[in-house]
Amino acid sequence: MDFKDQKTLLDSKSSDDDRRVSSPMTRKGVYAAVSYMTSAVLLIMFNKAALSSYKFPCANVITLFQMVCSSVLLYALRSRNIVSFRVNNENQSTNNIPGIFVSLKTLLTTLPLAISYLLYMLVSMESVRGVSVPMYTTLRRTTVAFTMLVEYVLVRQKYSRYIVGSVGIIIFGAFIAGARDLSFDSYAYAIVLSANICTAIYLASIARIGKSSGLNSFGLMWCNGILCTPILLLWTWVSGDLQVTANFSHLSSVGFQVVMLLSCVMAFFLNYAVFLNTTLNSALTQTICGNLKDLFTIGLGWILFGGLPFDLLNVAGQSLGFLGSCIYAFCKIRGL
């Protein structure tokens with residue numbers, strides 16, 4: 001091999017390594033991240049109103065309503081050719097299942113995404129039992145570390161020392177915020193950490209399957225809804241949540257119906273923003289945005305619903321988390 005061939009090989013290897021290093025965030029990526037955080041905060045407020053103000057007891061049914069509304073809206077938009085489910089409109093498969101708009105092969109390709117979503121949803125619901133709110137928040141913030149690990153295992157994604165440092169600040173701030181609650185429950189802690197792993201796998205699956213399937217954010221949402229809705233419907237029926245919902249005293253209340261409608265609308269925008277943010281940026285960026293969103297949620301929830309006592313350690317920890325998120329955002333925008 002002569003010198004010219006060696007140089008070409010080294011340049012190719014260097015190009016491959018560069019592609020594995022985190023790239024700077026584009027303007028469209030910034031819009032996606034901000035849209036996600038805005039939608040997430042508003043959705044939490046609407047869900048909080050339904051679950052607390054109206055005392056609706058079935059969180060799974062809210063998720064089911066949101067998924068059904070999202071699928072119906074996507075079906076209407078796709079039927080009128082207002083949106084496409086693929087990155088390239090010209091690359092439409094002729095083997096699409098009638099009325100489904102995607103082929104069976106594409107649907108099976110997204111099956112791991114649906115499974116990871118269901119695991120993420122079910123384990124997350126179980127993880128709130130047995131752990132206090134401060135420690136739950138602390139353990140959930142460690143999701144960023146799991147996300148970095150899963151991204152490296154799946155796609156060999158590498159990050160700079162500045163990014164790793166900002167993540168370290170976020171995790172350190174989370175443990176400071178939960179320092180007053182150091183009670184240990186091995187089962188509860190294991191469930192919360194399992195929820196972190198499921199979250200990391202779900203977000204990493206979005207990024208990976210989005211590229212391999214040729215589907216855009218709308219297409220990923222559609223396939224996820226097609227696969228998950230029947231399972232979630234069966235789950236709510238077996239658990240008795242549907243019967244409880246049918247007998248709910250505020251079901252015919254206009255106020256409750258408006259809150260549920262707004263919740264479903266915001267869930268649609270949120271799911272789209274999650275898929276868009278993860279595919280445009282990265283699973284780690286999506287996780288960091290989730291942490292940053294929590295800070296705004298805490299502040300807005302304190303203003304609207306109250307009930308949050310002042311704690312200096314919690315404020316210090318939240319401030320460190322905010323600082324770490326800001327450093328991460330600065331590094332991503334500057335490409336550090």
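Where is N81 found?

## Two loop residues with positive phi

N81 lies in the loop between helix 3 (59-79) and helix 4 (104-109). Helices here are DSSP runs of H or I with at least four residues, numbered from the N terminus. Although N81 is not a glycine, its phi is positive, about 55°. N81 is exposed, at a relative accessible area of 59%; exposed means over 50%, buried under 20%, and partly exposed in between, with a 1.4 Å probe and protein chains only.

F101 is also placed in the loop between helix 3 and helix 4. F101, a residue other than glycine, has a positive phi near 75°. With 18% relative accessibility, F101 counts as buried.

## Basis of the model

This is a predicted model, in which local features need pLDDT of at least 70 and side-chain atom pairs count only at pLDDT 80 or more, while totals for chains, interfaces and linings use all residues. Residues are numbered from 1 along each chain as its sequence is written, and side-chain values use heavy atoms, leaving out hydrogens and water.

The 13 residues of helix 7 should span 18 Å at 1.5 Å a residue, and the end C-alpha atoms are 18 Å apart, which agrees; the expected span is 1.5 Å times one less than the number of residues. Buried residues of helix 7 include V144, T147 and M148. R156, which follows helix 7, has a positive phi near 55°.

The axes of helix 7 (residues 143-155) and helix 8 (residues 161-177) come within 9 Å and cross at roughly 150°. Such axes are lines fitted to C-alpha atoms over the stretch in contact, with angles from 0 to 180 degrees between N-to-C directions. V144, A145 and M148 of helix 7 make the contact with V164, V167 and I171 of helix 8, where contact means heavy atoms within 4.5 Å.
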